[in-house]
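Labels in a structure rest on cut-offs.

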Amino acid sequence: MLQSTMMDVPLSIPFLLERAKSLFADKKVISYIPVGIDPETKAPIPGRLEETYGQMYDRCHQLMHALAEAGIQPGDRVGTFATNTFRHLELYFAAPSMGAVCHMINIRLPDDQVVYIINHAEDKVLFVDNFLAPRLPAILPKCPTIKLVVIMGAVPALPPGAVDYEAFIAHKATEYTYPEIDERQASGMCYTSGTTGNPKGVLYSHRAIVLHCITAAMGELMGLSEADTVLPIVPMFHVNAWGYPYMCPTVGSNLVFTSMFTDPKFLAKVFADEKVTHTAGVPTIWLGLLDELDRAKQAGAPHNTSSINSLVVGGSAAPRGMIEAFGERHNIHVIHAWGMTETTPLGTMNTLKPAHHHLEKAAKYDQMALTGRPTALVQIKLVDEHDHLLPNDGKTIGRLLVRGPWVTASYYKDEAGTAATQQNGWFDTGDIATINSEGYMLIQDRAKDLIKSGGEWISSVDLENTLMGHPSIREAAVVAVPHPKWDERPLGVIVMREGSSVDKTVLDAYLLEHGFAKWMLPDAYEVVAEIPKTSVGKFLKRALREQFKDYKLI
Ligand code: AMP
């Protein structure tokens with residue numbers, strides 16, 4: 001083999017940090033974080049803090065010194081238990097740049113799972129948002145590997161033995177000499193949300209993060225640049241906040257963080273005040289925002305969202321009706337994306353081909369509701385139950401397999417989990433999908449959520465998305481309930497929009513009109529006040545199946 005003449009420069013996170021300082025030192029990280037408690041309502045009050053990438057660089061270097069002095073060595077896991085803030089961003093860069101691993105822990109998990117995750121990862125230090133400090137007494141005594149706790153933000157009294165973040169980094173030098181970094185070493189870590197069994201750990205590499213970052217930011221995908229101000233609502237404690245914390249400093253976009261404040265009214269105000277151009281979150285966040293935008297418009301005092309060029313939705317299927325409503329009623333362009341903890345996360349994104357822009361309205365929104373094409377360097381394919389390749393014809397349903405430089409090749413210390421998902425160099429996602437001839441994938445379901453009726457499969461996602469397009473329905477989840485003759489039948493669980501009502505006859509007609517066969521229609525509907533959600537805002541189908549397991553279909 002003839003070797004190239006190219007330099008062998010490892011891809012590493014310090015490169016991104018150096019770039020942010022040298023090219024975009026004046027660009028901003030704006031954080032809305034809790035700064036006090038309203039004496040009357042007892043609700044936290046948001047304060048607005050600004051940091052430049054230049055300041056962030058200096059503080060990251062101070063943090064690396066502080067961590068090294070606290071005994072953190074390359075390879076050690078630095079736990080974060082925090083929302084989206086400038087301090088969390090500093091940890092995203094500082095921990096890996098000194099050769100350690102930034103382990104983001106999902107704050108919405110119950111204490112016992114947090115304890116499991118910390119112990120499994122063997123975190124040495126834990127950085128905690130101030131408002132989460134009250135949870136520590138239930139967690140820390142069960143986590144013997146943690147030697148130090150650092151609290152981010154003011155607290156009335158520091159927990160025993162803990163230090164304040166600002167005191168931790170104060171007076172440290174602003175130049176830290178990076179160790180040599182192997183691009184394949186671990187830079188970060190996340191655990192899957194674990195709907196079944198224990199959460200499973202994924203270790204990201206410097207190489208994966210850098211390749212993901214430059215690919216995701218490119219014009220064909222997020223299309224981010226210095227002209228952008230980005231508000232990722234997707235949390236930094238879940239799968240790298242979809243890569244934005246690395247992407248924005250690399251391309252010079254301003255970043256806006258809203259920590260614990262994700263109420264739609266508050267978000268709408270921040271979009272306007274900060275002139276946000278790009279934002280990203282899960283469908284439940286956007287369904288809430290849509291309601292608020294509609295409400296304000298009807299009340300004659302619309303929110304100003306004119307700065308928004310693109311709104312990315314992912315994490316679970318985006319209803320077509322929601323994509324259309326944002327486009328038609330609020331002139332906001334929605335981009336549908338798919339990914340997983342195991343894929344860093346970006347796997348597919350629905351950017352339109354030039355010809356799609358000329359489609360008539362209905363066909364264009366049909367196209368935009370697809371889950372998208374693989375991002376550069378990612379490959380996807382469908383297989384049947386015997387692992388035979390299935391055609392990309394837009395109709396054939398199969399198990400979705402994925403491979404690429406930012407797809408995990410194993411789970412951390414979990415041989416059984418690894419063996420169950422790795423297939424000859426491909427990762428079995430557990431998702432069921434179709435892929436059309438243009439390469440656009442559409443998630444039909446999680447394998448375990450498909451409804452098997454009389455030997456035929458019914459896609460719960462497809463039903464849910466269509467139901468959520470009905471003007472009376474705010475949220476819809478469809479689950480299988482046992483049936484003596486058909487094995488399983490679909491049950492619709494719905495949340496109505498305020499002041500609306502609807503019955504099964506109307507919904508049947510609506511679904512038939514939208515192309516469903518009669519045998520696919522839910523046998524019944526249950527109206528609920530709220531659909532239970534997972535720690536990252538997805539419908540918790542397991543809880544619904546449990547709740548309705550003895551449901552008697554009449
Ligand atoms: P997590 O690892 O918690 O991010 O969950 C990943 C899973 O979320 C995927 O395997 C899918 O089942 C689901 N998911 C993510 N994005 C989408 C999407 N756009 N449409 C449907 N399901 C999605």
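Residues are numbered from 1 along each chain as its sequence is written, and side-chain values use heavy atoms, with hydrogens and water left out. In this predicted model local features need pLDDT of at least 70, side-chain atom pairs count only at pLDDT 80 or more, and totals for chains, interfaces and linings use all residues.

Q: Why is Met7 called exposed?
A: Buried means under 20% relative accessible area, exposed over 50%, and partly exposed in between (1.4 Å probe, protein chains only). Met7 has 75%, so it is exposed. Met7 sits in the segment before helix 1 (13–24). Helices (H or I, at least four residues) and strands (E, at least two) are DSSP runs, numbered from the N terminus.

Q: What makes Cys143 buried or exposed?
A: Its relative accessible area is 3%, so Cys143 is buried. Cys190 is buried too, at 2% relative accessibility.

Q: How do you know how many disulfides there are?
A: A disulfide is a pair of cysteine sulfur atoms within 2.5 Å. By this rule the count is zero. Take Cys143: the closest cysteine sulfur, in Cys102, is 17 Å away, so it is too far for a bond. For Cys190, the nearest cysteine sulfur is also that of Cys102, 8.5 Å away, and Cys190 is in no disulfide.

Q: How do you know whether the span of helix 10 agrees with its number of residues?
A: The expected span is 1.5 Å times one less than the number of residues. Helix 10 (residues 283–298) has 16 residues, so it should span 22 Å. Its end C-alpha atoms are 22 Å apart, which agrees.

Q: Why is helix 10 called largely enclosed?
A: Twelve of its 16 residues are buried, so the rest of the structure largely encloses helix 10. Among them are Trp286, Leu290 and Asp294. The buried residues of helix 10 pack against elements including helix 9 (264–274) and strand 24 (473–483). Contact means heavy atoms within 4.5 Å.

Q: What makes the phi of Lys42 worth a remark?
A: Most residues other than glycine have a negative phi. Lys42 is not a glycine, yet its phi is positive, near 70°. Lys42 lies in the loop between strand 1 (28–37) and strand 2 (44–52). At 59% relative accessibility, Lys42 is exposed.

Q: Which residues are joined by a cis peptide bond?
A: Thr344 and Pro345 are, with omega about 20°. Most peptide bonds are trans. Pro345 is in the loop between strand 14 (334–339) and strand 15 (346–349).
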